[in-house]
Amino acid sequence: MSWDPDRLPDQHGRTVVVTGGNAGIGARVSEQLAGAGARVVLASRSPERAQATIDGIRDRVPGAALALVRLDLASLDSIRTAAAELRALGRIDVLVNNAGRTDAVRRRETTDDGLELIVGTNAFGAFALTALVAPALADDGRVVWLGSFATKLVRGDVSDLQSERRYAPFRAYGLSKHATQALGFELDRRWRAAGSARRSLVAHPGFALDRGSFPLFLQSKERGAWPVVRAAIDPDAEGGTFWGPHRGLVGRPAPAKPVASSADPAFGAEVWRQAEAATGVAFPIA
Ligand SMILES: NC(=O)c1ccc[n+]([C@@H]2O[C@H](COP(=O)([O-])OP(=O)(O)OC[C@H]3O[C@@H](n4cnc5c(N)ncnc54)[C@H](OP(=O)(O)O)[C@@H]3O)[C@@H](O)[C@H]2O)c1
C-alpha cells in the first residue's frame, strides 16, 4: 500500500502512548499522531519538558488531545508507577517504546536497580514497561520498538548485553538496540503462538538530527519519526515487521531488513530470558 506521511489515517478515538514523547523523534511522533486525531500520552522523565512539548503541539495542532505521565525507564519503581497510571487511563491502542539513552556515557554506569544503564533503560526498561502496560492494550493493540542502524555496526553479543566483560559507549548503545529489536520480534512471535491479535513491530529512524543537512545520509527528526508512525498506525503493517527510511538512513517510511541476529528466534528467546531475569517482570502473554 502507498503511504503518505502527510495524510495519515484518522486516529480519533484511539490512544497512543509515546515514551520519551517530550523530545526528539518522540515529540515528532506525538505531534504527527495527535495531528491525525489520536489521544497521545507523553511518558517522560521530565513533566516540565513534556508540558512544554504539549504546549508547542497544541499551538500547531489546535484541539490536540494530549496528556503526560512521569516515567523514568532507569528505575523499575518509576516504571511500575507509570504503568499503573497508564493502565488507569483505559484502553491503549499503541505503545511506542521510543525513549532511549542516545548520549555517550563514557564509563559503565547502572540504573537504580543495578542494570547497565544503556541496555537497562533502552531495552530492559522498555520491556518491563510493556509487560506492565500489556493488560491495558487493546485486543488488536500494537507495540512499536525503536531499533537502529547501530545494530549493523556493533556485533550483537548476547553473552555480554550488560557490557560486563567490556564497556565502550557505542558498543553499549548498539547492544541495547540489538536487544530492543530482538525483544520486539520475540514479542510478536509469542503473541502469535498464543493466538493473540496483538502485534509487535520494530522501526528505525535512519540517521535523524535536527541540525545539519546532508540529504544522502542525514534527515530531520520530523522525517525520522515517519517509519515509527507508519509502524504504529498503518493498517497493512503486519506484526514482526521492520520499518525504516527507504534509502536506509533517509527517505520515505518503508519495509526494511533487520540484522539477522535480531530476527533470530534463538537470539530473541535468550534476550527475553535476560530481560525477565534482569527486571524480575514476567510478561503476561495471554
Ligand atoms: N536520531 C537518530 O538518528 C536515531 C537513530 C537510530 C535510533 N534512534 C532511536 O530513536 C529513539 C529516539 O531518539 P532521538 O534521536 O529522538 O533521541 P533524543 O533526542 O536523545 O531523545 C531521547 C528521548 O528519550 C528520553 N529518555 C532518555 N532516557 C530516559 C529515561 N531514563 N526515562 C525516560 N525517558 C528517557 C529522553 O528524555 P529527556 O528529554 O528527559 O532526556 C528523550 O525524550 C531512541 O530510542 C534512539 O535510540 C535514533
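The model is a predicted one, in which local features require pLDDT of at least 70 and side-chain atom pairs count only at pLDDT 80 or more, whereas totals for chains, interfaces and linings use all residues. Residues are numbered from 1 along each chain as its sequence is written, and side-chain values use heavy atoms, with hydrogens and water left out.

Strand E2 (residues 39-44) and E3 run parallel and are joined by six bridges, two strands being taken as paired if DSSP finds at least two bridges between them. Both belong to an open sheet of eight strands with mixed pairing, in the order E3-E2-E1-E4-E5-E6-E7-E8. Strand E3 (65-70) and strand E8 (253-255) each have a single partner strand and stand at the edges, so one side of each lacks a neighbour in the sheet. From one strand to the next, the twist averages 25°.

Helix H3 (residues 76-88) packs on this sheet, where it touches strand E1 (15-19), E2, E3 and strand E4 (92-97), and its direction makes about 150° with that of E3; angles run from 0 to 180 degrees between N-to-C directions, with axes fitted to C-alpha atoms, for helices over the stretch in contact. Helix H4 (residues 117-133) lies across E1, E4 and strand E5 (137-146), and runs at about 175° to E4.

Helix H5 (residues 169-193) packs against helix H9 (residues 265-279) at an angle of about 100°, with the axes 8 Å apart, which makes H5 roughly perpendicular to H9 (roughly perpendicular covers 65 to 115 degrees; angles under 35 count as roughly parallel, over 145 as roughly antiparallel and the rest as oblique). The contact, defined by heavy atoms within 4.5 Å, includes His 178, Leu 183 and Arg 190 of H5 together with Phe 267, Val 271 and Trp 272 of H9.

Helix H1 (residues 24-35) and helix H7 (residues 226-233) pack at an angle of about 50°, their axes lying 9 Å apart, and H1 is therefore oblique to H7. Ile 25, Val 29, Gln 32 and Leu 33 of H1 make this contact with Trp 226, Val 228, Val 229 and Ile 233 of H7.

Definitions and conventions. Helices (H or I, at least four residues) and strands (E, at least two) are DSSP runs, numbered from the N terminus.
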